[in-house]
Amino acid sequence: MTDDLKAFEVVDERKGSSRSEGVRSLRADAWHDLRRNPLFWISAALIVLFVVMAIAPGLFTNTSPRETVLSEARTPPSSENWFGRDVQGYDLYARCIYGARASILVGVFAAAGTAIIGTIFGLLAGYASGATDAVVGRVAEIFFALPLILGAVVILTALPPSDEYFVIVFKVVLVFWILGWPTIFRLMRSSVMQVRPNDYVQAARALGGSPWRIVTSHILPNAIAPVIVVSTINLGVYISAEATLSFLGIGLQPPTISWGVMISDALVAMRSAPHVLLFPAAFLSLAVLAFIMLGDAVRDAFDPKSR
Amino acid sequence: MTQDPNVEAQVAPTEVGANAAEAGDRAVMTEPHDAYSDHEVITPHAVDGHVASRLDPDAPAVLEVEDLKMYFPVKSSGLVRRTIGHVQAVDGISFQVPKGGSLGLVGESGCGKSTTGRLITRLYQPTGGSMMFEGQDLAKLSNREMKPLRRDVQMIFQDPYTSLNPRHTVGAIVGAPLAVHGVVPKNKILSRVQELLEVVGLNPEHYNRYPNEFSGGQRQRIGIARALTLNPKLLVADEPVSALDVSIQAQVINLLQDLQKEFDIAFLFIAHDLAVVRHFCPEVAVMYLGKIVEIADRETLYSKPYHPYTQALLSAVPDVKQAAIGGRRERIRLEGDVPSPINPPSGCRFRTRCSLAQEICAKVEPPLLQIGPRHKVACHFAGELGQHPVAPVTAGLLGVDDHGSPTSSGPAATPLTSGPGYEKEWFDVKSRQMTSGAAG
């Protein structure tokens, strides 16, 4: 018993000492690189700003985005209405702030969902190989062949209409899940196939490790990096894709407020009141840029060779 | 910690960590003290009393492999992937590994020696044959039935850079077998890991470091510690030192020898370096294109090889004694490349590159014939270098004439031994009779 206690004391000491020697894991190494990258800090600050906007828009504005003053429609930016008013007389600033929620929700859930689905099928196909690989691969190719816009039009028109905010958002997310997972699947599959022949995987098999253990503790951690990178970039891509679908009138629908919907609404007044288009477009670009910059920074940190 | 003081005495001092161990314990290359023949080779031989392992002829076999086969299917490309052939990586090999002993398996790249190792650890499911280990046939067990046996049969890998998961700490790597088999309570894993690190000559305090912080030799020690974790009875060492620097090779070999003595582990030692095998293995099997062509105790194999392929391999080993007097042993050059294992030559597989090959070699495959108390060879013209017989020695036994065509008399009544072990009686090549050695 005393021996055990002693052993633990020694352990703690060692932990401390080895830290100070600068020993770190690959993940810690990635964080170390990330911390030094100004791109990361700029994009992180922007993302934090947008996320706070999405969670608590009340922090940024007291004006309701649904309060319309028709008589002041299309008024340009002023000290009272910082971004002016749109064609319906809504306050543009308030709507830009409130629009962040839909975009962030769609981006985060679409990127996370495709990452999870693609990773699971990628692990399955890459590790099991053979018939499983062939079947999953062919199915993925079918979905991969569907053009995003066409697929989205078909799926969104087929789904029953709804007025519920989260249902409207979820429908768009669902479209991205269905059409977006093959990209991640392919990436994960090839990454798994690269990791699988390594001797440490063979060693784990020789030790009698179960397939579950081998996949979760050896293959997944070594194969996931490219998926993390691409999914971070995809966050931005899905936000802009949501705007595209909303612009076409098939994505998010009014009364849901989103940057895509606002851009769509602004079209009728593009010449007479360009600011109506400018502000939501600027927010959208900034958000997409932030996520893509973050993705780049993450890629540099995880895979310094590709820089 | 329950460190056995004996272990500490056996292994290089570990107080200052493995770096110091590797620098300070640098092995000195000397002549092997058991020099047998004119085939003098550079043998890693440390000053601290590491001598070549000795053969214990009475040791019972821990592993008996018989007629082991591994055919990998070759698939056509395209939508429907048909099997269009098989790579005969291992084609009917038999051998035994004595308890606590070591058998060396040598051969060129692609001859099937690594496949053999991976069959025994059941990383591949064999196509045919049997592998008897402690009364159970490893070839026929399901993965589930195999799991308890995996404790007893472990593997050391060739490349220390790919054999350790870069995302796991040394403690996690070495402790993984304990977690998988649940043999040690969770809170005791760490002390066992540290004990093992000390046994293999690493600093036990480095259990929370990552593999990328270690050198090749140190990483190989980590791999060895992992293989030792479950106290295996048989270790398959797949070229355990060929990826290492020569000075480190000697240390790792010495470490393996110490461990073998300490824990009574049997080794199947796969290598292409004849000098390393000679030092480590009292018995050696030579493989060519999926078959064992010659298997013998070290003394016989290195001094009086009977198979032309073994003779060619040995002639390629640098010769220190001859070089010292300015001479040079005649080198047997093999022409051409190893044939494809998808479509191996008929009869004897070595015949396409063999200077002795005649008609019979293409027609009849030579059996692995026991020709001495611990010596088997698969050649129609088996004989010492320069003394190969003119007429095939196997013709009478196989019931064929000297050109390989069947004769009316049929095969001889004497059964041709091709089992894993050795018989009391064998076929004497010179007198062409069965003998037990007592007469001659």
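Chain B of this predicted model is divided into domain 1 (13–73 + 85–288) and domain 2 (345–436), with bounds that come from an automatic or database domain assignment. Residues are numbered from 1 along each chain as its sequence is written, and chains are lettered from A in the order in which they are written. Because the model is predicted, local features need pLDDT of at least 70 and side-chain atom pairs count only at pLDDT 80 or more, while totals for chains, interfaces and linings use all residues.

Where the two domains of chain B meet, 8 residues of domain 1 are in contact with 6 residues of domain 2; contact here requires C-beta atoms, placed from the backbone, to lie within 7 Å. On the domain 1 side, strand E3 (61–75) and strand E4 (83–98) of chain B each supply at least two residues. Strands (E, at least two residues) and helices (H or I, at least four) are DSSP runs, numbered from the N terminus. E3(B) gives the most to this side, with 4 residues. By class, the domain 1 side divides into 4 nonpolar, 2 polar and 2 charged residues, where Ala, Val, Leu, Ile, Met, Phe, Trp, Tyr, Cys and Pro count as nonpolar, Asp, Glu, Lys and Arg as charged, and the others, Gly among them, as polar.

Turning to the interface between the chains, 27 residues of chain B are in contact with 22 residues of chain A. Helix H4 (143–150), strand E8 (153–156), helix H5 (170–181) and helix H6 (189–199) of chain B each give two or more residues to the chain B side, and H5(B) contributes the largest share, 4 residues. This side has 11 nonpolar, 8 polar and 8 charged residues.

With 8 of its 11 residues buried, H6(B) is largely enclosed by the rest of the structure; a residue is buried if 20 or more other C-beta atoms, placed from the backbone, lie within 10 Å of its own. Among the buried residues are B:Ile189, B:Leu190, B:Val193 and B:Leu197. After H6(B) comes B:Gly201, with a positive phi near 85 degrees.

In chain A, the axes of helix H7 (residues 165–195) and helix H10 (residues 225–247) come within 11 Å and cross at roughly 155 degrees, the axes being lines fitted to C-alpha atoms over the stretch in contact, with angles from 0 to 180 degrees between N-to-C directions. H7(A) is therefore roughly antiparallel to H10(A), a term for angles over 145 degrees. Their contact involves 11 nonpolar, 2 polar and 1 charged residues, including A:Phe176 and A:Leu187 in H7(A) and A:Val230 and A:Tyr238 in H10(A).

How values were computed:
Angles under 35 degrees count as roughly parallel, over 145 as roughly antiparallel, 65 to 115 as roughly perpendicular and the rest as oblique. A residue is buried if 20 or more other C-beta atoms lie within 10 Å of its own, exposed if 12 or fewer, and partly exposed in between; C-beta atoms are placed from the backbone.
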